[in-house]
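Let's take a look at a pocket and at a pair of helices. Keep the 3D view open while you read.

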Amino acid sequence: PQIMATLACLLGLVAAGFHIGSKFFPGAPGAAQVHAACKPLPILLCAWLAWRQEAAAASGGGKKGMMVLGLLFSALGDVLLLPEVDFFIGGLAAFLLAHVLYIAALGRPPISVSSVIVFAVAALYAAGMYLRLEPNLETDLKIPVAMYAAVIATMGWSAVGRAIARPQPATTTRNNAYMMYMHMYPKPVPAALGALSFIASDSLLALGKFDPAVKEGVWVEVGIMTTYYAAQALLCAACVGVGAAGTSGSAREKSE
């Protein structure tokens with residue numbers, strides 16, 4: 001029922017608010033427990049909402065299944081990065097797998113001049129960020145961080161490239177095929193905004209953790225988590241309705 005989805009969204013907002021709010025009261029009784037319990041809850045609720053959409057859709061389910069798995073790996077990464085667990089390399093690996101799954105869900109953008117430009121910008125940003133962090137990275141973190149930077153840049157290219165690379169089909173047949181292609185994948189605009197928010201969140205996290213010039217404080221943490229929750233919510237929203245329109249389009253085409 002729609003009421004369940006609405007309640008899940010409200011609960012996710014409340015949990016995100018409690019998690020972020022607990023950062024302002026680190027010494028308060030129960031603050032650490034609220035911080036830990038509320039951190040992965042919004043992501044788990046996003047995974048449930050995306051799974052619910054997958055179960056309801058007639059097509060595009062495989063792509064949304066990848067998105068659901070990506071959200072679940074993100075929740076695992078959230079737990080592994082909690083101060084009580086403090087398993088950074090494990091959290092990094094979980095989020096790397098999440099981004100690989102997001103890339104599989106998003107698909108490769110149509111090849112065009114704009115998508116090539118997006119790829120170049122993403123690659124340059126990832127390389128520049130890594131070069132800034134590299135002098136302060138421990139030896140055993142250099143390769144994992146480089147891999148993560150490459151993967152999240154690829155995810156950004158997949159999402160943003162699809163949002164701005166809009167080929168102009170020359171025929172009705174190509175137009176129908178293109179519309180079916182678009183409906184089988186997550187919606188491009190919220191997916192692109194989600195990817196950019198994720199990159200912003202991870203950039204803040206990396207700078208706060210590894211760049212001495214950036215002082216890690218409560219407002220940096222608030223920025224990290226605000227953009228992170230926004231990213232996951234947008235990626236989840238990109239799945240809403242995927243498959244339904246493509247199915248109806250196929251039915252119309254067959255009826256004609």
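Predicted model: local features only at pLDDT ≥ 70, side-chain atom pairs only at ≥ 80, totals over all residues.

## The second largest pocket

## Who lines it

Count up the lining of this second largest pocket and you get 24 residues. If you want to find the centre, look for C9, C46, L49, A233 and C236, which lie nearest to it.

Which elements give two or more residues to the lining? They are α1, α3 (41-56) and α10 (218-237). Helix α1 hands over the largest share, with nine residues. Sorted by class, the lining of the second largest pocket comes out as 18 nonpolar residues, five polar ones and one charged one.

## How α1 meets α2

Now follow α1 to another partner. Helix α1 covers residues 2-22, and it packs against helix α2, which covers residues 31-38. Their axes sit 8 Å apart, and the angle between the two helices is about 140 degrees. Because of that angle, α1 counts as oblique to α2. As for handedness, α1 and α2 cross in a left-handed way.

## The residues that touch

On the α1 side, the contact is made by A15, F18, H19 and S22. Helix α2 answers with A31, V34, H35 and C38. What classes do the residues in this contact of α1 with α2 fall into? Five are nonpolar, three are polar and none are charged.

Definitions and conventions: Residues numbered from 1 in each chain as written. Heavy atoms only, no water. Axes fitted to C-alpha atoms, helices over the stretch in contact; angles between N-to-C directions. Helix = DSSP H or I, 4+ residues; strand = E, 2+ residues; numbered from the N terminus. Parallel < 35°, antiparallel > 145°, perpendicular 65-115°, else oblique. Left-handed = near helix turned anticlockwise from the far one by under 90°. Contact = heavy atoms within 4.5 Å. Nonpolar A, V, L, I, M, F, W, Y, C, P; charged D, E, K, R; others polar. 1 Å grid on protein atoms, 1.4 Å probe; cavity = no way out; pocket = protein on both sides within 12 Å on 5 of 7 lines; lining within 4 Å.
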